[in-house]
Structure formats: C-alpha cells, structure tokens
Amino acid sequence: MSAIASERLKLTSTRSTTWLAVSLIGIVTLAAVVHILGFETAMVDDATEQRSILTDIGVSMGLVFAAISGSLAITSEFRHGTIRPTLLKNPDRISLLNVKLATQSLIGAALAAAAAAYAIGLSSAFLGARGLALELDGGQIARLVIGAGIGGAGFAVAGLALGALVRNQVPVVVGLLIWTLFIENLLRAGVPSIARFAPGSLGRAIAAPGPGQFDGLLVAAVGLTLVAAAGFAATRAIFIHRDIN
Amino acid sequence: MADVVRLTKRYRGATVVDDVSFRVHTGTITGFLGPNGAGKTTTLRMMLGLATPSVGTVAIDGRPLGELSEPWRHVGAVLESNDFHPARTGRDHLRVLARLCDIDDARVDVLLDLVGLTAAGRRQVGGYSLGMRQRLGLAAAMLGEPRLLILDEPTNGLDPVGVRWMRELMRSFADAGGAVLMSSHLLAEAQHTVDQVLIIDQGRLIADAPLGELVPPGGDLEDAYLDLVTGTAGAVR
Ligand SMILES: Nc1ncnc2c1ncn2[C@@H]1O[C@H](COP(=O)(O)OP(=O)(O)OP(=O)(O)O)[C@@H](O)[C@H]1O
Ligand SMILES: [Mg+2]
C-alpha cells in the first residue's frame, strides 16, 4: 500500500514520535518516583492500591500521549503546510485519514502499552528497593498492559479526529491536556454518572477496575471504540468537504 | 490540457472568483496576472481540488481531478514556497511524496539533480534558503512527470540566476509538450516568459490573449496591464 508506505516514511523521517516516546518515559519515571518512592508504606503495599497507582501513572499517561500522537499526525501537516503537497499527489482525503487511522492506532497502542509495562517494571523495582513487593498477579498485569494498548488505540483515533477537525496544533494539544487532566477529573467528582462514559474513564476501565467506572473490560472497550469511531466518522465527513488554504 | 468553466468562489457572500473560464493549452506557458487579492491563488486552489468551487467545473486532460486514477501524471503544482517539515531532509520530503505515487527513489535523485539540490538534499529543509525551497517545491511538483505544471508566484524570492533558471525550465517543459500555468506580479519577467496572458481583477477575468496580441511590438506588458486594471491598481483588498 503506497499511502501507508508514505505515512510510515513521514513518521520515521522526523524524530517527533521518538521525542514523544522519550517524554512519556520521562513523565512516567517522575510519576513513579513521586508515587511509589514518595508515598508512605500503607498507601502502596496492597494490590488494590498498586493497581490504582499504576493505572494513574502508566495507563492514563500513555492514553494522553497516544491522543497527542494521533492529533500531531494531522495538525503537523497543517502547521508545516505539507498537507498541500500530500493532497496534490493524492487528492483522496478519505484515504489520507484512513491511513493515519491505521498507523496512529498502532502507534497509540504501542505508546500506551509500553508506558504501562514500563510503569509496572519500574514500580516493581522501586517497591523492591523499599523492601516491598508488587502484589499483582499475572492476569492483572496482563490486563494493565493489554488494556492500555486497546485504550491507546482508541485515544490515538480520538486525537486524530480532534486534530482533523480543529487543524491548529497548539489548541488541539492544549485542549487534549485540559480535557484528560482536568475536565474528566471534574466530571468524575461532580457528575459520576456521566463521567463513566468519558474517554479517560473508559480507557482506565479497560486496564483495571476502579471507582466510578464501568466494571467489565468488554463494556469499556466497546464503549471507547464507539466514542472514537463516532468522533472519527464525524470529523472525516467534515474534513473531506472543507477548503484547505 | 486544463479547462476552467464558469468557476466561481464565494466566501460568506463575498464573491472572490466570479464566473472565470479559460483554457490552458499544450506547449504554452500561461501567465496568470492580477492585483493582490484578485483571486489568482483561489482559482489555482480550486483547479487543484484544495478548495471546492461554489459554481463551475475544472477538467484536467478532459476529466475532473477526482476522477483521474493517477493525478500526479497529469498535474503537478506549487502553491506555497514553504510547505515542508523543517526537520525532514529535502530528499526525504520527495521520498514521502514519491511513495504516494509509487515512484521509486531513483526518480527522486534525478529530480534533486535537475533542481540542483543533490548535495543539499541530505540536509534538513529548515536550513534551506528561499530559493532552495522554491527548487525543492518544483522538484516535488515534477515528481510524477506531469504534463501540466501549476505554479503560484514561482519566481518570488529568486535571485536573477534563479529567475533565469526557472524561466528556462518552464520553457523546456512547455516545449516538450507540457503546459505551465503560473501566477506572477513580476510583469517584466512575465513578458520574457509567457505565451498567453490571463488577467484577473476583482475576481473577474478581464483579459485572455496571446502575449503578442496584448502587447504591441516594442510595447510593455506593464503598460497593457496597467491600462486594463488602472481603476483598481494599488488598492489592497
Ligand atoms: N479562506 C478564505 N476565506 C475568506 N476569504 C478568502 C479566503 N481565501 C481567500 N480569500 C479572499 O479572496 C480574495 C482573493 O484571494 P487570493 O489569495 O485568491 O488573491 P490573489 O490574487 O492570489 O492575491 P495575491 O496576489 O496577493 O496572492 C481575497 O480578498 C482574500 O481575502
Ligand atoms: Mg496569491
């Protein structure tokens, strides 16, 4: 597929994605230092606590970065003007977005799963250094990592959809950060019945059960997929008709 | 080679391109002239499928752009001189586009050579001069060996050597059976370059004639142009 080969070369011929991955590792490291090394023993020594912390510092961060990666895939084309030469060679805008959907859902899944796996590994080492142990069983660990991967794919698609709609890079990235880091938390505190349906809650629910979330992994995964797919379909319909200056 | 029929573009009630029809002929260089804001770039964007006409149609080689299975073989274009990712090398910029057209890297190197960027092609575009960017844009436009080149102010920012190089390139392209449609504000330069002249003013096409018809022997394209657009020359919209 030539369009996929082009998209892949776009990603490998600059270091943007590498920088995103490096920043993610840095942030997860910092968060693990604060939470696992910083918190008192009573707050980190049982499985429920550890699972909840790992969802916060690994999964959630991975989801945010997956969304940012998805959004950059299209906003950087507008920022640097490469959208024009790209569409001059292949005017089929649906194919452009579909190719980005395919590549970004893979990258989003990889980023988020890697963030979760790294958080688990690092936390386990930090706990060991404190004379504690990681209390999660294999199934719980697998669900954190695989769940983060599934959520990351959904978040990357949602980010791509938002980017294609707004086009302007800075507002999109700032908007994604404000939404995931603030608005969803406010929703969770204020209107928990609605907050369950928010993408962040759905993403976390896939990776681990938690308060104010859907219980089933499957329900949450289907929910997030629907949210991302609906957003993508809606912005794609708008994207193909709008003028490009 | 390109047929523009009754092309019209309205932005929230304002008509910026108004019932424009013309044809670009094989073997010619057509100059697309007109004041700032006259509607040149908007017309070119509609021809290239980046903007949707409010009214009217464009056919490239007899068919709408969206119906051409390999559009890059029909038309290549440069609209902005800086449509590059600054951290990507010039060569990688071309390779990314070549992938889209199933064109191999050997053709990329041929084009880098043609536009004089063989050495610079390994460097990031962020460090390129304006002239180098214009050349890289042109290489991208010519990647698919199109028969029609559409260029928005291609000599803008080029030094005298670059201007002459661009003129000779366009000429040999047209002589080889291609066609060029280029917008320009540099009338003295255009007079050296073009065969056919289109003048657009306030969205309306006010001239479509061979250069020799518009400009009397020994005359000036600038005089002919100013006669036609005098009422509005200098007004920035
Ligand atoms: N996306 C847009 N929305 C609203 N108005 C627009 C848009 N794009 C262009 N215009 C308006 O259309 C008119 C024609 O603009 P255009 O860029 O086509 O002119 P031009 O002939 O290329 O001018 P210049 O010589 O300065 O490049 C201008 O008045 C411009 O403000
Ligand atoms: Mg213009």
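Two strands pair if DSSP finds at least two bridges between them. Keep that in mind for chain B, where Thr30(B) stands opposite Leu181(B) in strand 7. Everything here comes from a predicted model, in which local features need pLDDT of at least 70, side-chain atom pairs count only at pLDDT 80 or more, and totals for chains, interfaces and linings use all residues. Residues are numbered from 1 along each chain as its sequence is written, chains are lettered from A in the order in which they are written, and side-chain values use heavy atoms, with hydrogens and water left out.

**The sheet in chain B**
- Strand 3 (residues 29-33) and strand 7 (residues 179-183) of chain B run parallel, paired over four bridges; strands are DSSP runs of E, at least two residues, and helices are runs of H or I, at least four, numbered from the N terminus.
- Both belong to an open, mixed sheet of six strands in the order 5-6-7-3-8-9 (chain B).
- At the edges sit strand 5 (75-78) and strand 9 (204-210) of chain B, each pairing on one side only.

**Where the chains meet**
- 26 residues of chain A are in contact with 33 residues of chain B, contact being heavy atoms within 4.5 Å.
- Together the chains bury about 2,500 Å², 60% of it on carbon and sulfur atoms; that is the accessible area (1.4 Å probe) lost on being put together, summed over both.
- On the chain A side, His80(A), Leu88(A) and Lys89(A) lose the most area to chain B.
- There are two salt bridges between the chains, meaning a side-chain nitrogen of Lys or Arg within 4 Å of a carboxyl oxygen of Asp or Glu.
- Asp243(A) and Lys9(B) form a salt bridge at 2.5 Å, N to O.

Note on methods
Buried area = accessible area lost by both parts, 1.4 Å probe.
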